[in-house]
Amino acid sequence: PGPGSALGQALAALDQQVASSKQAGKPEASGPPKGAARRLQLLAEIERRLVQEERANVEALQSEVERVLGATLAVATGPILRRQLGRCYAVLYERGSRVSMYAVTGNLLNQLGAKGQAVTPPPPVARAAMASVLGAVCEEHGMSMPSIVREAVLCLLKVAKAATAPADGPLRLASLEALRGALEGAGPKNMTTIAQAEAVKVLRAAAAAPQPSGPTPAP
C-alpha cells in the first residue's frame, strides 16, 4: 500500500485541502467555513477506507494517517466535522496498531491542560477538535487504557466547567460530548464515585440548560 492506494489518495487529498486552508490564513469563525464540506467528505472516505482495507495495509499507512488527521485538528470547524474526525481516530486504532494510541491520547490530554496549561495553548478550534477526538477514542477503546480514560474524564470535566464565555460555546459542546463518551468507555468500575457524580452533575446541568438561539452551525 502507499500513495497510490485508495486510502493513500484520500489522505493526500485531505492533506492538500488542509494545507490550502491554512495558507489562506483567514479565520472561519462566521458562516459556513470554506472547504468544510470537502473536508467532511474526505474524512468520511478515509473512515470507509480504514474499515475496508486489510489490517496490514492500515498499519503500513498508520503514521501518515495520524499525521494528516493531526493536521486536520486545526481546521475541524463545526460539530459534524469534529465528530467525523473522532470516528476516524477511533476506527484507526481498531483496524490498525494501538501502540501509538497511548502517545496520541497522552498528547491530546497535555494540549487540553490535563497537567496544567500548555506552554502554547492551541486555538479554540483545535481545542474543541482535540476534545472530540479524545472522547471518541476513549469511548471506543477505554477498556484498553483505563488510566488514560480516567485522566480524560477529569480533564474534560475541567475543560467543560471552564468554558463559560459565549465564545467558548463550541469548546463546551465538544468537551461535554467527549465527557459522555469517555464515561461510557471507562465503564462504571473504572471511575471513582466522586468523579462519576461530578461528571453526571455537569452533563445533567448542560442538558437542562436552554439551548442558544442562532443560525445552524456549519459542519
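Helix 5 (79-95), helix 7 and helix 9 (169-186) each contribute at least two residues to the lining of the second largest pocket (helices are DSSP runs of H or I with at least four residues, strands are runs of E with at least two, and both are numbered from the N terminus). The model is predicted, so that local features require pLDDT of at least 70 and side-chain atom pairs count only at pLDDT 80 or more, whereas totals for chains, interfaces and linings use all residues. Residues are numbered from 1 along each chain as its sequence is written, and side-chain values use heavy atoms, with hydrogens and water left out.

The volume of the second largest pocket is about 240 Å³. Among the 15 residues that line this pocket, Ser132, Gly135, Ala136, Glu139 and Arg180 are the closest to its centre. The lining comprises 4 nonpolar, 4 polar and 7 charged residues (Ala, Val, Leu, Ile, Met, Phe, Trp, Tyr, Cys and Pro count as nonpolar, Asp, Glu, Lys and Arg as charged, and the others, Gly among them, as polar). A pocket is an open set of points on a 1 Å grid over the protein atoms alone, where a 1.4 Å probe fits, with protein on both sides within 12 Å along at least five of seven lines; lining residues have an atom within 4 Å of a point. Grid points are joined across faces, edges and corners, and the volume is the space filled by probe spheres set on the points.

Helix 5 and helix 7 pack with their axes 8 Å apart, at an angle of about 40° (axes are lines fitted to C-alpha atoms over the stretch in contact, and angles run from 0 to 180 degrees between N-to-C directions). The two helices are therefore oblique to each other (angles under 35 degrees count as roughly parallel, over 145 as roughly antiparallel, 65 to 115 as roughly perpendicular and the rest as oblique). Helix 5 passes helix 7 in a right-handed crossing, that is, the near helix is turned clockwise from the far one by less than a right angle, anticlockwise being left-handed. On helix 5, the residues in contact include Arg82, Leu85, Tyr89 and Tyr93, and those on helix 7 include Ser132, Ala136 and His141 (contact means heavy atoms within 4.5 Å). This contact has 9 nonpolar, 3 polar and 4 charged residues.

The axes of helix 4 (residues 62-72) and helix 5 cross at roughly 160° and come within 11 Å, which makes helix 4 roughly antiparallel to helix 5. Their crossing is left-handed.

Helix 6 (residues 101-111) packs against helix 7 (residues 124-141) at about 140°, with the axes 10 Å apart; helix 6 is thus oblique to helix 7. The crossing of helix 6 with helix 7 is left-handed.
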